[in-house]
Each structure stands twice: as C-alpha cells, then as structure tokens.
Amino acid sequence: MKRLSTTLALVVSLPTAWGQVPSLRGTITDPSHSPVPGAVVQLRGPARDLRAKSDHTGQYSFPSLAPGKYQIRVIARGFSVTLKKNVAIDRATVFDAQLVIQSETQVVNVDDELGRVSAEPEANGGIVVLRERQIAVLSDDPDELALQLQALAGPAPGPDGGQFFIDGFTGGKLPPKSSIREVRINSNPFSPEYDRPGFARIEIFTKPGSDSIRGQAFAQYNGDFLNSRNPLLTASTRPPYQAQIYGFNISGPVNKKKASFTLDIERRKIDENALVLATTLDSNLNPVTISQAVATPQSRTTISPRLDYALNRKNTLVVRYQDLRIGLDNLGIGDFNLASRAYNEKQTEYTAQVTETAMIDARAINETRFQFLRSTLDDAGLDATPAINVQGAFSGGGATTGNSGSTTNNQELTNTSTYTKGRHTIKWGGRLRHSNVADTSRNNFAGTFTFYTLAQYQRTLALQQAGYTGAQIAQLGAGPSQFSLNAGTPAARVSQTDAGLFGNDDWRARPNLTLSFGLRYEAQTNRGDLSNWAPRLGIAWGLDGKTNRPAKTVLRAGFGTFYDRIPLAVTLNNLRYNGTAQQSHLILNPTFFPSIPPAGIVTTSVRKTKAQAGLDGGRDTGYHYF
C-alpha cells in the first residue's frame, strides 16, 4: 500500500444544515393507537432544521442533537398537522404523538429549509444534497447520470477519481434512477470513516418500501428522423439509429406492521453505429476509400428488488438485490478499424446487500452491513485471423482481444457504532473486504502484422501475386515491418484482502465550535505494509454564532493523511507478465506473411559466450524468432 496524500484545507462555509448531541425519539400513532408509518417529523432547533420519517412500527428517532429548545411538527397524509413548541431537549427525550384525522384541506411544505450553515462536521459549504425533485431533472440514462454526478462532485484527489457508495457499500453500478431516494456529495471530507477524502465522494441511498401500493412507469424513445447526416459518410441516407429507455417501479407493504418492498425494472436499448473511414485496396490492388456505417447495438437491463423488515422495536433489516446485464455488440470498429475487427462483449453484475440497524438505546446505534458482488466480463472476437495494421490507412484482420474474459467476486463486511454523551458524538467501526479474480486474456494471441505505409502493403501483395516468396519479398524491401504476438498461459487467478479500522470524536466545545479528532488504520495483502496510520483533524467555527442564534458564516479547517491501495489489477499483471506465464514476441521483417507457420513459434536460443557478447559469467543469452 502506498501513501496517497496528506491534505490540509481551510474553508469558509456558507449556507447548509445539520445538528446533534442529546436525543429525541418517539412513536406516531393514529386515533386507534395503531402505528403510522411514513409520518414526517420536522425538528426546528437552535442550530439547524432536521427531518425524519417514522418506520413500520411508527417509531422515529434523532439520535444526536444540540441541547436547547425545539419546535416539533408531525405531518402525515390524511391527518392534521401536530405542532409542539418550546420542547426542551438536553438529554434523552421521548415525544409520542397521536394524530387526529384531517377534517379540512391543508397545504404543507415538508421540504428542508436549505441555506443554513452550522458547525457540524457534515455541514460543510461544499456539500450537495439531491432529493426527489433535484434527482428528477437528471438523466434517466444510467451512464449519463453517473457522468452528471461526477461533474457535480468536481475533481477528486488521488489517481483514481471519485468514489460511488450505494447504500454505504463501495463498488457496483448505479441503480435505476427511479430507485434513488437521495444523493449526497462531498460530505465531511476529513472523516476517518472513509479511506479517501470526502471531496468527490458520491453517496447514493435507495428508496425504502412504502405503506401503500405505489408505482410508476416511464418510456423514452429517440430515432434517426431528427439526426443530421454525417458529412464524412458518403451514403446519401442516414444510418438507422434509435434509443429506447423504459422502466417500471412499484412499492408497497408486505406486512402492514413489519415489512415493505420495492421493485425496479429498467431496460435500455440503443441501436448505434460506428463510422469506418479508411483507405484499403480492392481486388486489383488499387487504393479505395471505405466510408461505412456499421451497426453497434447495445443493451442494458437492471432488475432491483428491496425488502425492508422491522425485526422488533429496535432492530430493522434491509435486503437489496441487483441483477445487471449489459450487451455490447461490434465493439472495436470505427475510424481506421474495419468491420472484421469487431468483437462482442457481455457484462453481468449480481449484487446482494444486507443491512441490520440496531437502536441499542437513546444514545447508541449500531449498523452492520454485508455485500456480495459478482461481476463477469466476456469478450468474443468474430474473426480469429491475425490482425493487419497499415499505419495511416486501415486496421483489418481479426480482433486482437480474442476470446477473453474475467470473473470477479467481492465480499464486503462493515460494522459501525455511534454513541452520544454530553457534547461528544463518538463513532467507531471497521470494514473488511476480500476480492478474487479469475481472468483469461488472449489479447494478441493471433498476432499482428504491421506495415508502415499503404504503399508497402500494396507492393507486398503485388509481389505475392507474382509468385515471390516471403524471403524474396523481404530482400526487395517489401513485406511487413514487424510481427508481434503474445503466447503462453491465458488464465490467471489472484485474490486480495484489505481492512480498515477507524475511531472519531466530534466534540462540540461550544455551540458554535466543533472539534473532530479521528484516526484510521489500513492494511492489505499483496504488497501491503503494517504502518498505514492515518490521523484526521477537523475544526468548524461559527464566527458569528451564539447560543440561540445560528451562525451565518462558518470557518472550517482540516488535516488528514490518506492512503491509496494498490489495485488488484497490478498484482494480476505482475503474475501474468512475470516472463513465464505469458511472453510477448516481436519479430522484425518477418517472412511468413500473411499466416503464422503451423508449428507456431519456433524458439531458438542464440548462444553467446562471455568472450563473444561481453557478458559476465559466460551465461547464455537468447531471443525468440521465426
């Protein structure tokens, strides 16, 4: 493991929101004393405004609050608004509300009042929170949605860019947009809970089940009737094109008191084209320009169910599964690459997530998460002949990728605990991940002939038709300039385990001053070491904040040491290219074009003594040639 960076930041934050320390919890019921799930509880206090929803048992909680007097408002469909003012909260407080059936129409705005700032660690001025209305304006296409979120997050520190977290888990593809409840970007950049800085960290939370059957469906279509003709394409008609995205979402109760579900299904199908613009030779060996649009269809199907289950009054369980399948046909075509270079690619990703949350008491919460993710990738070349690369003219022959693929299994286990006491919020936990990859690479196993010019290729074919041998063609200055080929064992298997432990204390020294002290430790197999200690420090000071008046300007400073793990791909390549598993061969001016000798590579050792080659020890050296 190598050190990524040591970061020091000083930030002035303007409008956002948060709050903490003592706690508030309670139960929302109807006139018959039955629980009311999904009720919105709004809490307006000295530092910021908060909002929570009651679960399937009608319970809600605010585990960490700043001491002071609060206004509590409870809103639920079909019931009148319940309002309680000047509720003093300086310790664990219980507030139960029995709602009254609504007798007249009321219009209530339940949105959070954004635009406030506080001295809370997560309320930095650069945070971006997207909820239902903001998410609705983003693209329905999952690839475009990922690009939009990355643009909102901005540039990321480190070599690998930003990270996506799906319900707290790393890795994995984006879920359908219809299943996303909230997106948080750039939250708490110096928290020791995470291995990388919070800048460009994108956290996505999926929707839980609802208390009644609800659903939606959508469809989008785009065809070629509005497209302009490509000026480089000689055909008078536009190539066919269409893009279809459609999806379906439904949620509802499984058991009115304990369980609910959501189900998202999404399908994307794009009939795209790749433009080939190259110069090759016709049957008479005359140069001819190719201007051709080749169909490159692609598809993406996602099925994502989720189950929320209340085990008891203090424990809840969330189980989520995602089945993703991607098909990409005729890849590798376009520009100088002819249609014969095409290969098809199939991708699958199966993700199972389990989250258990325990409300130990009014001050303590524990959360355990486990994820299993299995992904596969298969490439199939449509032509197994050697590739031909004529520089500046065309690339033909078969696809260099050959028949390759990989299967990756990832397991991730995380446990975090939060405890509030007085002015302190203490959080600690750890994460354990294990990955194993079975990879098969036949890249360039069929070989590649390279010609530097089209004229060289043209003369070579003309001499072949005239009956010249490969050796004679080479003597006349024609023939390919080089031939490259990979050979050996295509399959390789590697695994890697990494672990991270952390602890953090957010100390509210004053209502307008918060100090955060944290420490993280990381370790990994495969070139890791045991000295990766990462201290973290954060300070948030509300310059003009007072006990009963929230700050309008917050000064923030932070320091942190971060490490970047050595990717599993580095270990895989080290194993594959160790000089034994696979070898790369390069032959200058080969004489066997256009085919490889049936015997394959002929390995000849050219022995040179110390006196002949000037090498110490008199050891033999060698190289490979045909």
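This is a predicted model: local features need pLDDT of at least 70, side-chain atom pairs count only at pLDDT 80 or more; totals for chains, interfaces and linings use all residues.
**Exercise 1: Getting to know Thr206**

Find the strand that holds Thr206, decide whether Thr206 is buried or exposed, and list what Thr206 touches.

*Solution*

Step 1. Start with the strand: Thr206 lies in β14, which covers residues 201-206.

Step 2. Next, look at accessibility. Thr206 has a relative accessibility of 3%, and buried means under 20%, so Thr206 counts as buried.

Step 3. Now gather the neighbours. Leaving aside residues up to four places away in sequence, Thr206 touches Asp167, Pro175, Ser179, Ile180, Arg181, Arg306 and Arg320.

Step 4. Finally, pick out Asp167 from that list. The side chains of Thr206 and Asp167 make a polar contact at 2.7 Å.

**Exercise 2: Exploring the largest cavity**

Work out how much space lies in the largest cavity, which residues line it, and how the lining divides by class.

*Solution*

Step 1. Begin with the count: there are five cavities of 30 Å³ or more in the structure. The largest cavity holds about 60 Å³ of space.

Step 2. Walk along its lining, which is made up of Thr460, Gln464, Gly470, Ile473, Ala474, Ala478, Gly479, Pro480, Pro590, Thr591, Phe592 and Phe593.

Step 3. Two or more residues come from each of α3 (454-465) and α4 (470-475). Helix α4 gives the largest share, three residues.

Step 4. Sort the lining by class: seven residues are nonpolar, five are polar and none are charged.

Terms used:
Residues are numbered from 1 along each chain as its sequence is written. Side-chain values use heavy atoms; hydrogens and water are left out. Helices (H or I, at least four residues) and strands (E, at least two) are DSSP runs, numbered from the N terminus. Buried means under 20% relative accessible area, exposed over 50%, partly exposed in between (1.4 Å probe, protein chains only). A polar contact is a pair of N or O atoms within 3.5 Å; within protein, one must be able to donate a hydrogen and the other to accept it, and residues adjacent in sequence count only if both atoms are side-chain atoms. Contact means heavy atoms within 4.5 Å. On a 1 Å grid over the protein atoms alone, a cavity is a set of points where a 1.4 Å probe fits but cannot get out, and a pocket is an open set with protein on both sides within 12 Å along at least five of seven lines; lining residues have an atom within 4 Å of a point. Grid points are joined across faces, edges and corners, and a volume is the space filled by probe spheres set on the points. Ala, Val, Leu, Ile, Met, Phe, Trp, Tyr, Cys and Pro count as nonpolar, Asp, Glu, Lys and Arg as charged, and the others, Gly among them, as polar.
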